Amino acid sequence: MKKALIALAVVLLLAGAGGAIYVIKDPVAAGELLGFGAPAEETAATAPAQTEEASEGFDRRRAPEPEETADRPPTREELARLEQAAQAVRFSRKGRSVGPETSAQSHMAPLPQLYPFSIARRTYPTADTINVEIAIQNASGIHWKTAYVTLQSTDFPQGHRFEIADWKIDEIVGLDYTFPRGETQERLRGLRVVNVMGERRESALAERVSQTRRQRLEVADTSSPRSYRRREGDVLAAPGMLAILANTQSAVTGLEIRPEGRRSPGAVPLNVTISEEHKLSEDLMLGLRETSEERKKAVELAREFHSAGLQVQEDVAEMCEALAAAPFSEAMEEHGGSGALARLEEHLQEFNRLGVELATLTAVSRDREVSALAEMARTTSRKVVGQVETLEQQVRRADPAFRISR
């Protein structure tokens, strides 16, 4: 009898445990079976809302399986990132930041189409600074051996200069423009290229490509003051076959074509412009106290070097005036040879001799104040050489064989 009661108790315990498990696993169905709780339809209607609320948070106990996310459509944020990555301009190298450009721009800025640029991305190196990565293209047709590009905003008084070495035609280069974070609006609003200068790689093909692209853009840009296309009734002088072909388009362009012979470069004056950044100041400010023979010699040598640089500057200015006052061939015939050009070459050699002597003295001196004159020597030399190279490069447009002896 006792054994039968124990067996019955075990059976009842198993049945109760099974019922409890059923209720835990499916409480809604158990409620319907016992006749209380919400109907199945109402429960089914409320279940999705509860699932959505639960899915808003990330359940660390159940991360999504790879097969669950592989076929789902991308989110709006993912699409934006993919689109931004696809539109990002690619470049393989970056230029070097030179620093702020404080001198005023005294010449016309290049057409925007010659040096198009866009902002690739923004980063924040520190809490107070922002770095804007700019992608800029050389669409000018000029192969720059060394290019100095100045970017400036319409709302900021200073520009920023960058150096790009060996900038090939159509190459895209990156520039890192870093400035205080609070100046973002002023620095970027109306940002444009206001100046591009430097040393070109001379070649007949590059010169032809450069002229063709510039002329095409100036013709298309009617807002440019250098545009060749004017209002109806204007006259355009054209040589040879170009005049014949242009006459066939007069009804469309509204231009009157006047045939004329092509003038050689030697038949017209040559305007050479020297940038203000390359010009020396008349006064030389030296803070070196002449308390020793070495310092006295260094000061005297620095002044002689500066005076020699001013003499070269005067010769360059005289040569520029001569080239602008008469046709190129006449100016070179009068001022070349034993004229202003000969004086320029003579004074340039003296400038170089004094520069080598001053550089040697500052290099071997153990006096820190004497050694500090090396920076003054480098700055003076860079400005004078910039004037001479500018004159030489612009004269080569009329005479490719032109050289200045140094």
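Leaving aside neighbours within four places in sequence, Arg403 is in contact (heavy atoms within 4.5 Å) with Glu345, Glu392 and Arg396. This is a predicted model in which local features need pLDDT of at least 70 and side-chain atom pairs count only at pLDDT 80 or more, while totals for chains, interfaces and linings use all residues. Residues are numbered from 1 along each chain as its sequence is written, and side-chain values use heavy atoms, with hydrogens and water left out.

Arg403 lies in the segment after helix 14; helices are DSSP runs of H or I with at least four residues, strands are E runs of at least two, and both are numbered from the N terminus. Arg403 counts as partly exposed because its relative accessibility is 48%, where buried means under 20%, exposed over 50% and partly exposed in between (1.4 Å probe, protein chains only). The C-alpha atoms of Arg403 and Glu392 are 6.4 Å apart, at a sequence separation of 11 residues.

The largest nonpolar core has 38 residues, of which Val312, Val316, Leu323, Leu391 and Ile404 touch the most other members. Such a core is a set of buried Ala, Val, Leu, Ile, Met, Phe, Trp, Tyr and Cys residues joined through side-chain atoms within 4.5 Å.

Helix 10 gives the most, with 12 residues. A second, separate core of 23 residues includes Leu114, Val132, Ile134 and Leu188.

Across the chain there are 14 helices and nine strands, and buried residues make up 33% of its 406 residues.
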